[in-house]
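Visitor: I am new to this structure and would like to learn how to read its features one at a time. Could you show me the model and then take me through it?

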Amino acid sequence: MTDAPAPATASASAMQRRVRQEEQVAELCAGVVRAFSGERDLHFRGRRLHRGRVALPWFAPHLHPSPETDDFASFRGVADGLALRLTVSDAALHESLRPEDPVERMLFEMLEQFRAEAMAPDVMAGMRRNLRHRHEQWSLAFHHSGLTDTARGLLLYAVAQICRARVSGQQVVEETEDMLEATRFHLAPLIGHALAGLRRDRADQAAYAVHALAIARTVATMLHEAGEDSSDAHDPHVDDKRSVFMLVADMDREIVERFTTAESGRSAVLDDAGGAYRVFSDAYDREHDAATLARKEVLAGHREKLDRRIAVQGVNIARLARELRALLADPTRDGWDGGQEEGLIDGRRLAQLVASPTERRLFRTEHLEPVADCIVTLLIDCSGSMKEHAESVAMMADVFARALEQAGAASEVLGFTTGAWNGGRAQREWVRAGKPPQPGRLNERCHIVFKAAATPWRRARPAMAALLKADLFREGIDGEAVDWACARLRQRPEARKLLLVISDGSPMDSATHLANDAHYLDHHLRDVVARQEQRRDIEIAGIGVGLDLSPYYSRSHVLDLAASTGNTIFREVIDLMAGRHRR
Amino acid sequence: MTDIADLRPDRMLSVREVFGIDTELQVPAFSERDDHVPEVDAVYRFNPDVTLAILAGFMRDRRVMVQGLHGTGKSTHIEQVAARLNWPCVRLNLDGHISRLDLVGKDAVVLREGQQVTEFQEGIVPWSLQRPVALVFDEYDAGRPDVMFVIQRILEQGGKFTLMDQNRVLRPHPFFRLFATANTVGLGNLNGLYHGAQRLNHAQIDRWNIVASLNYLPAGEEIAIVQARVPSLADEAGRQLVASMVAVADLTRKGFAAGDLSTLMSPRTVITWAENVEIFKNPALAFRLSFVNKCDDAERPLVAEYFQRCFDQELKESHQLSSGSHE
């Protein structure tokens, strides 16, 4: 569409850039946490640190930077704080000591984090600086947001400053030093004894906890008192800001989903059914060969357009094929190299030795050839919103199919959409049946084979062009499509199987959403991916078109189709296949 | 000059005195230094466990294999033990080009009294076998399978070695010793780091009496080694610098274990880096030239992060610099 409003595209691509920036930062931070702690399966998922599939606790309030307001150094500080926390603090011990009262618990948590940060090794000057930087950033943000204007805020702030200064042996943040005086004076007789113990016992978690608990209890009491006789607790403006810093007890495990980037949630309907996904009617489900979806002439026109686009991109397919081969192929013994000067004697050459005794090339060696015993499936989301990316995605799929073929690996290009909008015949049938509650998936599922594994790229060329057919793009039921693609992969003889799902959003089918609940399909998608990932015979990765798919796929990457030129896109996908992006 | 074959260990050395290990053990040694005895490296630091394993090899004729990641000084370790015992030592790199004939010997045409005659020339194995020599097979896991079976025969203690085309049976010299070093424990190239490493026949591995593992040293030891190698860093300021360097190396090793990096810094790289710091007077530049440029492009920003943590400096590859000032 040439008349699309330019600003919208520009802002969309700016958004995509930002998401990618964020992803890079998270990747680097996670890398440092892994290297420092020596734990290999730590990663960020939806901005929260996970160990494998399990989300780690929220930890202290200052460990939650926001990409909008905080700089990279701040993220580094957070990563270092997390790394130290995982290394020097015993989580089980911490859990067992944790007080019940939410405010006390928050304070105790914060003090334990300060202790962990005070244990940064001396040789790591950069780490100490990052931690300090993060502390200052957080403190100033807290201060400038007006939270220190309230009695509770100021008290909390002062406690954080004083305790951290004490346990780390560093100065309090200079800008707010004067402001603390009164509170410090007031606090000194109450927590002075415990404060003195903080630094002394910082190497001993249990001993330190005694002091930390005493401080937490005293301060929590003071906070409760301050909260009851001040009116600011009911000021909605302050409440709003307070939630930003998560002052109180919302550090528990349940509030994960709020921060995920792709929209997802739990479905009550699916939960009630024990996770059993239902399909109301599969009578209208279809699987199409893409070549049959449009007339030959139309496909030829689309193909021409696609070829022009590929030519403009200037993709170096031979190089791509080489990289893919390096990634996917294993050396395999394949016959012999004769006529060598050393190796094993080649019996057939002995006659030659008799005829010309100076001839030395009598040996043969084993010949090793890289063979890619591998199949890669690209599963393309053909829901309505993908229409604007259709050309880029088609280009990518086409180039990949060709490069994979050159690299000796098989490839499949599959797509999924629905046969109708708003449920189509399945929905009408449901209405006729008297709208039974919770019918499950309610649409005409449509699976499309653009290129089957057995079809060579050259023969699949016209069918691939069907990706440009705009009326194909309707709604998307991702979970079933992933199952379908995996089932197809399992029928293939290749040893290594990869599935790349290209999508720009959460599963979308309005009829199903209306008849069940809002998260029915994306909950199912997460279940499906988790189940398929667990079987470990197929490597699954999500390629988000301008959207972070990490809530669904444990390996995912955000692709900026608008801004990147051809070669970078492929580079990134190859990195993803190589497992270098591991969110 | 006496033939090396006539030599015998003629004195006992105290392990405590020579290697600084707290034990009563005495180890046989030679008083005469043959040409085959390696040079003593005065600043070499022995790892106590591995040293004991190697000494067991010398004392009790055990077959000792030292296994560990590259750059940990496996071969040097054996050599330095031999050097201190004055024990002749021959190192043989078992790369893919060593053939059976190289090891066993072959008929060669030689001139004798102006006449061309074919004469059997002993390979390295029969030669060593008849002498008080410590034979070290380096890169043991890179050897070709057909070669390994030659070795298998002498792996048995007192195993006789038959030269088939000579119709001779060789008895090993009582002070012949056999060692090997390898990056893997014969399981092949599992982590993608050691291309060319073969999967070894288990019967082979089974015949090694002692497998010592030489992994990266504790940071303190490694710092001391680097300081010993690069004397200009031997002062207190140097110690600080080297400690940070070793901390970076440690992060790369753990990053490698986590699958984030495909290269890691061996102690040898750290020493190289320290030497390059001497040349360039700039740790960051020296780091880039000695390690970062060996890394995959995609992994360099992470290496830059490691570097920032330990040195509080940005490398050119850092995300901080590449993403513009606002981030």
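Visitor: Are A:Glu109 and A:Arg85 buried or exposed?

Guide: In this model, which is a predicted one, A:Glu109 is buried, and A:Arg85 is buried as well. The two side chains meet in a salt bridge, with 2.7 Å from N to O. This pair links distant parts of the chain, since A:Glu109 belongs to helix H4 (residues 102–118) of chain A and A:Arg85 to helix H2 (residues 72–88) of chain A, 24 residues apart.

Visitor: Which parts of chain B does the salt bridge between B:Arg253 and B:Glu222 link?

Guide: The side chains of B:Arg253 and B:Glu222 meet at 2.8 Å, N to O. B:Arg253 sits in helix H9 of chain B and B:Glu222 in helix H8 (residues 219–229) of chain B, so that distant parts of the chain, 31 residues apart, are linked by the pair. A residue under 20% relative accessible area is called buried, and therefore B:Arg253, at 9% relative accessibility, counts as buried, as does B:Glu222 at 3%.

Visitor: How should I read the pair A:Lys469 and A:Asp471, and what is the accessibility of each partner?

Guide: A:Lys469 and A:Asp471 form a salt bridge in which the closest N and O atoms are 2.8 Å apart. A:Lys469 counts as buried because its relative accessibility is 14%, whereas A:Asp471, with a relative accessible area of 47%, is partly exposed. Over all chains, a search of the whole structure finds 55 salt bridges.

Visitor: How do I read a helix, and how far does helix H9 of chain B reach?

Guide: An α-helix has 3.6 residues a turn, so residues three or four places apart point the same way. Helix H9 (residues 236–257) of chain B has 22 residues, and from its first C-alpha to its last it reaches 31 Å, close to the 32 Å expected at 1.5 Å a residue. After H9(B) comes B:Gly259, which has a positive phi, near 85°.

Visitor: How do I read a sheet, and in what order do strands E5, E6 and E7 of chain A lie?

Guide: Strands of a sheet pair through backbone hydrogen bonds, either parallel or antiparallel. In chain A, three strands form an open sheet in the order E5-E7-E6, and their pairing is antiparallel. Strand E5 (330–340) and strand E6 (344–345) of chain A each have a single partner strand and stand at the edges, so one side of each is left without a neighbour in the sheet. E6(A) pairs with strand E7 (residues 363–371) of chain A over two bridges, and A:Ile345 has A:Phe363 in E7(A) as its bridge partner.

Visitor: How many residues does each chain bring to the contact between chain B and chain A?

Guide: The contact takes 29 residues from chain B and 29 residues from chain A. Between them the two chains bury about 2500 Å², of which 52% is on carbon and sulfur atoms. The count of salt bridges between chain B and chain A is five, and twelve residue pairs are in polar contact, both residues being at pLDDT 80 or more. On the side of chain B that touches chain A, at least two residues each are supplied by H9, helix H12 (300–311) and helix H13 (319–322) of chain B, and the largest share, eight residues, comes from H12(B).

Visitor: Which residues are linked with A:Asp80 in a network of salt bridges?

Guide: A:Asp80 is linked in a network of salt bridges with A:Arg76, B:Glu305, B:Arg309 and B:Glu314. A:Asp80 forms a salt bridge with B:Arg309, and there the closest N and O atoms are 2.4 Å apart.

Visitor: Where in chain B is B:Gln121 found, and which residues does B:Gln121 touch?

Guide: B:Gln121 is found in strand E6 (residues 115–122) of chain B, and it counts as partly exposed because its relative accessibility is 40%. Not counting residues up to four places away in sequence, B:Gln121 touches B:Gly105, B:Lys106, B:Ala108 and B:Val110. B:Gln121 and B:Gly105 are 16 residues apart in sequence, and 5.4 Å apart in space from C-alpha to C-alpha.

Key: Residues numbered from 1 in each chain as written. Chains lettered and ligands numbered in written order. Predicted model: local features only at pLDDT ≥ 70, side-chain atom pairs only at ≥ 80, totals over all residues. Heavy atoms only, no water. Pairing = 2+ DSSP bridges. Helix = DSSP H or I, 4+ residues; strand = E, 2+ residues; numbered from the N terminus. Expected span 1.5 Å × (residues − 1). Salt bridge = Lys/Arg side-chain N within 4 Å of Asp/Glu carboxyl O. Buried < 20%, exposed > 50% of the residue type's maximum accessible area, 1.4 Å probe, protein only. Contact = heavy atoms within 4.5 Å. Buried area = accessible area lost by both parts, 1.4 Å probe. Polar contact = N/O pair within 3.5 Å; in protein donor to acceptor, adjacent residues only side chain to side chain.
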